[in-house]
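Student: Could you take me through one part of this model in detail, with the cut-offs behind each term?

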Amino acid sequence: MAEPSADQRDPTRGHVDLEIGASEPDRPEISSEVVGTDRMVLALRRGHPLAKGKVDADKLGRMSFVTVSRRGRLHGAVDDAFAERGLRRRVIASLPTSAAALEVVSRSDAAVIVAERVCRPASARLGLVVRRLPVELPPAPMVVTWHHRYDGDPAHAWLRGQVREVLREVADGPADDPG
């Protein structure tokens, strides 16, 4: 799940009706709702050397990663969680969306850590292997954000309800059992 846009002026200017990401907004004019959480997993191309066998912390530390950041950050919450466990990730590129990161991973020996259920359709379409991480990461929140001017708008409330329902189905759906 992506972090919010680097420039949250789009919702304030009315260019974006809803944004779905993994961070709650820090601006008072942006409303939000956490509609669920998703487990973080490792995604690799099918022929990747670690697509089979045990993925341990040592192997994880030798891998090259792409990360997801709309702001181009090479370090984020995953790295903080790894550092707490004495691990370090080698990030070679930052991509703005999970979909873009999964595309790169499908054509390289890089790996990416993504939200399992949200990314399942793209991972399956690209033939990626999804693996459980050797360390447990906090689940990623699924956050819907919008400008507060839409709080009382019936059409926008309907749209939020539709998005909420789909995301809750995703969040409540069966988790894969990545190896």
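Tutor: What follows is a close look at one strand and the core around it. The model is predicted, so local features need pLDDT of at least 70 and side-chain atom pairs count only at pLDDT 80 or more, while totals for chains, interfaces and linings use all residues. Residues are numbered from 1 along each chain as its sequence is written, and side-chain values use heavy atoms, with hydrogens and water left out.

Strand β3 covers residues 40-44, where strands (E, at least two residues) and helices (H or I, at least four) are DSSP runs numbered from the N terminus. Five of its five residues are buried, so β3 is largely enclosed by the rest of the structure; buried means under 20% relative accessible area with a 1.4 Å probe, protein chains only. Met 40, Leu 42 and Leu 44 cover one side, and Val 41 and Ala 43 the other.

Two strands pair if DSSP finds at least two bridges between them. Four bridges join β3 to the antiparallel strand β6 (residues 112-115), with Met 40 opposite Ala 115, and three bridges join β3 to strand β7 (residues 129-131), also in the antiparallel sense, with Leu 42 opposite Arg 131.

Leu 42 is also among the residues with the most contacts inside the largest nonpolar core, which has 20 residues; such a core is a set of buried Ala, Val, Leu, Ile, Met, Phe, Trp, Tyr and Cys residues joined through side-chain atoms within 4.5 Å. The elements giving two or more residues to this core are β3, α3 (77-84) and β6. Ala 43, by contrast, belongs to a second, separate core of 15 residues, which also includes Val 66, Val 68 and Leu 102.

Terms used
Buried < 20%, exposed > 50% of the residue type's maximum accessible area, 1.4 Å probe, protein only.
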